Amino acid sequence: MEEEMNLSEMLRELAEENQTRKILEILNNCKDLEEAKAKIKALLNK
C-alpha cells in the first residue's frame, strides 16, 4: 500500500511540474501579460 502511495505522490508531483513548464513556456512566448493570462486560463479550463 505504501508503494502505491509513493507512486501516486510521484505522479502528482510530475503532473505539477509539467503544468509549471507549460505555464513558463506560455509566458516566454507571449507578447504581453494579457495574452499570457488568456492562454493560461485556457490551459486551466481544458
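The protein contains 2 helices and 0 strands. The structure is a predicted model. Its C-alpha trace spans about 45 × 20 × 10 Å along the principal axes.

**Overall surface**

- The accessible surface of the protein amounts to about 4,300 Å². Carbon and sulfur atoms account for 56% of that surface.
- Of the 46 residues in the protein, 11% are buried.

- Leu14 has a relative accessible area of 43%. This value makes Leu14 partly exposed, because the class lies between the limits of 20% for buried and 50% for exposed residues.
- Together with Leu7 and Leu11, Leu14 forms a nonpolar patch on the surface. The accessible area of these three residues together is about 290 Å².

**Helix α2: length and start**

- Helix α2 consists of 12 residues, 33-44.
- The N-terminal end of α2 is capped by Asp32. A side-chain oxygen of Asp32 lies 3.3 Å from the backbone nitrogen of Glu34.

**Helix α2: two faces**

- Which residues of α2 are buried? They are Ala36, Ile40 and Leu43. These residues cover an arc of only 55° around the axis, and therefore they lie on the same side of α2.
- The face of α2 turned away from the buried side carries the exposed residues Glu34 and Lys41.

Notes
Residues numbered from 1 in each chain as written. Predicted model: local features only at pLDDT ≥ 70, side-chain atom pairs only at ≥ 80, totals over all residues. Heavy atoms only, no water. Helix = DSSP H or I, 4+ residues; strand = E, 2+ residues; numbered from the N terminus. Expected span 1.5 Å × (residues − 1). Buried < 20%, exposed > 50% of the residue type's maximum accessible area, 1.4 Å probe, protein only. Arc of directions from axis to C-beta. Polar contact = N/O pair within 3.5 Å; in protein donor to acceptor, adjacent residues only side chain to side chain. Patch = residues over 30% accessible without salt bridge, like charges linked within 9 Å, V, L, I, M, F, W, Y side chains within 5 Å. Areas by Shrake-Rupley, 256 points an atom, 1.4 Å probe, with all protein chains shown as cover. Salt bridge = Lys/Arg side-chain N within 4 Å of Asp/Glu carboxyl O.
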